[in-house]
Amino acid sequence: MRRLAVIAALLACSLVVSAVALAGKPRLEQKRLRPADMTLAKATALRASDLSRGWVRRPAQKPSNELPTCPGVDMDFSMFTITGTASSRFEQQSATIDSHVEVFKSSSDAVRDFRKATTAPVLRCIGRWLREEAKREIPGARVASSKLISRPRIGQQAVHYRIVLEIQAAGGTVPVYVDLLGFQRGRT
């Protein structure tokens with residue numbers, strides 16, 4: 001009986017090691033920017049005319065150039081090629097809207113990249129990474145929750161993901177809501 005338990009434990013360990021090895025190193029998409037696709041991305045990014053009055057344009061933040069590492073989760077996106085990017089940012093009182101657009105080499109790349117990036121394992125991995133980042137970047141902050149809310153009918157495929165941060169303030173704990181709405185249509 002003991003020998004069977006040892007064999008089962010070794011088999012389980014080898015499966016974990018195999019899953020980690022198969023996941024590969026996290027890698028971003030390739031970038032081969034083209035002027036026409038940069039123009040398309042800029043035309044697709046959120047503009048002031050898309051919003052109600054009161055929103056003020058601010059300099060856009062650069063998207064992160066790092067992906068989290070999670071054992072057993074395939075975070076290698078290097079088989080996809082981005083040919084255009086654009087970002088915009090707007091603020092109104094304590095609210096912020098960031099828009100980031102990526103144009104892919106083909107519709108197939110856009111569809112497959114979106115599907116891969118919104119699988120349950122990848123979303124859980126990103127949730128864990130956000131918890132670590134919140135602790136590091138905002139003293140006293142913690143991620144209370146991070147979860148998939150829905151897959152709304154926008155574009156060809158979409159995802160609505162919500163992160164709730166709790167930040168310590170003088171009067172107690174203040175919740176901060178971060179809603180991420182991502183959608184894919186055509187090559188964008």
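The structure is a predicted model, in which local features need pLDDT of at least 70 and side-chain atom pairs count only at pLDDT 80 or more, while totals for chains, interfaces and linings use all residues. Residues are numbered from 1 along each chain as its sequence is written, and side-chain values use heavy atoms, with hydrogens and water left out.

The protein chain contains 4 helices and 7 strands, taken as DSSP runs numbered from the N terminus (helices: H or I, at least four residues; strands: E, at least two). Along the sequence, these elements occur in the pattern α-β-α-β-β-β-α-α-β-β-β. The chain has 188 residues, of which 29% are buried (under 20% relative accessible area, with exposed meaning over 50% and partly exposed in between; 1.4 Å probe, protein chains only). Of the contacts (heavy atoms within 4.5 Å) between residues at least 6 apart in sequence, 64% join residues at least 24 apart. The accessible surface, computed by the Shrake-Rupley method with a 1.4 Å probe, is about 12,500 Å², and carbon and sulfur atoms account for 57% of this area.

Helix α3 spans residues 107–117, and its buried residues are Asp109, Ala110, Val111, Asp113, Phe114 and Lys116. The cover over these buried residues includes the strands β3 (81–92), β4 (95–104), β6 (157–169) and β7 (172–184), together with helix α4 (120–137).

Threonine 81 lies in strand β3. Threonine 81 counts as buried because its relative accessibility is 3%. Apart from neighbours within four places in sequence, threonine 81 contacts Gln30, Arg32, Val103, Phe104, Lys105 and Asp109. Asp109 is also one of the buried residues of helix α3.
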